[in-house]
Amino acid sequence: MEGENVPISQPEVPGEPTQTSTAILETATATLQGFGPVNKIHQHLCAFHFYAQDMTRQVEAHHFCGHQNEDFRQCLIYDKPDGDGKLIGLEYIISEELFLTLPDNEKPFWHTHEFEVKGGYLFMPGVPGPVQRQDLEKVCKTYGKTIHFWQVDRGDSLPLGIPQVMMALTRDGQLYPNLAQDVESRFGISFAKERENRAYMTGPVHGVHPLANASGQGLQTVLREVDCKPVESMPRVFV
């Protein structure tokens, strides 16, 4: 892709600094409560997303994922992996087998992972290459559905606007070079080297489905007003 994606300064979230009393309360609740769903997170994946209607808007996306089972994992997405990272979206990752069960009008919302895995652009920060490649062999065959709620790339200090469908890289020339170089530098990784190491990997057994990746078109969520069903239309519950 021609041109460069010029990074903007990270927006500051408005609000007063966290008070000591709030921090103490959080410590107490953390001791008393369980965090089952969050505790299932076992994996940090770094990749890039772009808005399904605008490939020029590209963002670094840090996925913190947990498996529900061998065919389904779910990820919280942050703009950076630090403690003050902003929760900007989520992604569901499913196997090819599950993807093929989806109705055709659902498939365009899902993107493939084959190119970004084989290209080296999707990686596990801090994990030795041979170790991460064991799992990425599986990810290479999967499909993901991603929604971003916070448009940090345009400088929003709060999650504003309509949640947007995001897509992933599918071919060379899409990712801005400066964005790639920045991530390579910060995480000490070479996408080119990883591409060589992952050349043996294979994508979906049946090939990339033609309806995936928004069917090759732009895809944008919009908001429209509709009539709200009146209470009278709701089924009555008798006790």
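**Close-up views of a predicted model**

D182 is partly exposed, with a relative accessible area of 36%. Here, buried means under 20% relative accessible area, exposed means over 50%, and partly exposed is in between (1.4 Å probe, protein chains only). This is a predicted model, in which local features need pLDDT of at least 70, side-chain atom pairs count only at pLDDT 80 or more, and totals for chains, interfaces and linings use all residues. Residues are numbered from 1 along each chain as its sequence is written, and side-chain values use heavy atoms, with hydrogens and water left out.

**View A. R186 meets D182 in a salt bridge.** Their closest N and O atoms are 2.9 Å apart. A salt bridge here is a side-chain nitrogen of Lys or Arg within 4 Å of a carboxyl oxygen of Asp or Glu. Both residues sit in helix α6 (residues 177–187), four residues apart, or about one turn of the helix. Helices (H or I, at least four residues) and strands (E, at least two) are DSSP runs, numbered from the N terminus. R186 is partly exposed at 44% relative accessibility. Look for E60 too: E60, D182 and R186 are linked in a network of salt bridges.

**View B. D135 and R73 form a buried salt bridge.** Here the closest N and O atoms are 3.0 Å apart. D135 belongs to helix α5 (residues 129–139) and R73 to strand β3, so the pair ties together parts that are 62 residues apart in sequence. The count for this model comes to 14 salt bridges.

**View C. C65 and C75 form a disulfide.** A disulfide is a pair of cysteine sulfur atoms within 2.5 Å, and these two are 2.1 Å apart. The pair links distant parts of the chain, with C65 in strand β2 (residues 54–69) and C75 in strand β3 (residues 72–78), ten residues apart. The torsion about the S-S bond of C65 and C75 is about 105 degrees, so the disulfide is right-handed. C65 is buried at 0% relative accessible area, and C75 is buried at 3%.

**View D. Strand β6 (residues 143–148) is largely enclosed by the rest of the structure.** Two strands pair if DSSP finds at least two bridges between them. Strand β4 (residues 87–94) pairs with β6 in the antiparallel sense over six bridges, and L90 stands opposite I147. I147 also stands opposite V165 in β7.
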